[in-house]
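Visitor: Hi, I have a structure open here and would like to walk through a few of its side chains. Could you show it and help me find my way around?

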Amino acid sequence: QVQLVESGGGLVQAWGSLRLSCAASEFTISTRAMGWFRQAPGKERDFVAAISWGGGRTVYADPVKGRFTISRNNAKNTVYLQMDSLKPEDTAVYYCAADRSMFTATEPTTRGAYDFWGQGTQVTVST
């Protein structure tokens, strides 16, 4: 059974940092782009960042550009999201996801392009 398990969430003060991890089991991520999304209470699940299957290309949503960094370690079958200069508006449940297609030329930014999802990890940023 394919599993993506996020970890690293928690409570942090504004301007602090957190590093999220997404570990895959029964599934090899090395052939697929990977993405991070987030969902705040009462809102849609929004795109945050994505990384190409080889790790050479990344794309970010405007609200997190310059503050968040996505990376991957295919040998460890894990994707990361380094979040710096956190703001209260970053408070949300963060989900990682795997592209439904392999070896794609671009990194998907829409939910529909992703097939496998983790259960999410809560990030709360206090003022």
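**Charges, rings and buried polar residues**

Guide: Happy to! In this predicted model, the charged end of Arg 45 sits over the ring of Tyr 95, at 3.6 Å from the ring centre.

Visitor: Over the face of which other ring does Arg 45 lie?

Guide: That would be Trp 117, with Arg 45 at 5.0 Å from the ring centre.

Visitor: Nice. Where do Phe 37 and Tyr 114 lie?

Guide: Phe 37 is in strand E4 (residues 34–39) and Tyr 114 is in strand E10 (residues 114–117), so the pair ties together parts that are 77 residues apart in sequence.

Visitor: Are Phe 37 and Tyr 114 buried or exposed?

Guide: Both are buried.

Visitor: Is Asp 90 buried or exposed, then?

Guide: Buried, because its relative accessibility is 0% and the cut-off is under 20%.

Visitor: What does the side chain of Asp 90 make a polar contact with?

Guide: With the side chain of Arg 67, at 2.7 Å. Beyond its neighbours within four places in sequence, Asp 90 also has contacts that include Arg 38, Phe 68 and Ser 85, as well as Val 123 and Val 125.

Visitor: One more loop, please. Where is Asn 77 found?

Guide: Asn 77 is in the loop between strand E7 (68–73) and strand E8 (78–83). Asn 77 counts as buried because its relative accessible area is 15%, under the 20% limit.

Visitor: Which backbone oxygen does the Asn 77 side chain reach?

Guide: The one of Phe 27, at 2.6 Å.

Visitor: And what else does Asn 77 touch?

Guide: Setting aside residues up to four places away in sequence, Asn 77 touches several residues, among them Cys 22, Ala 23, Ala 24, Thr 28 and Ile 29.

Key
Residues numbered from 1 in each chain as written. Predicted model: local features only at pLDDT ≥ 70, side-chain atom pairs only at ≥ 80, totals over all residues. Heavy atoms only, no water. Helix = DSSP H or I, 4+ residues; strand = E, 2+ residues; numbered from the N terminus. Buried < 20%, exposed > 50% of the residue type's maximum accessible area, 1.4 Å probe, protein only. Polar contact = N/O pair within 3.5 Å; in protein donor to acceptor, adjacent residues only side chain to side chain. Contact = heavy atoms within 4.5 Å. Lys NZ or Arg CZ within 6 Å of the ring centre and 35° of its normal.
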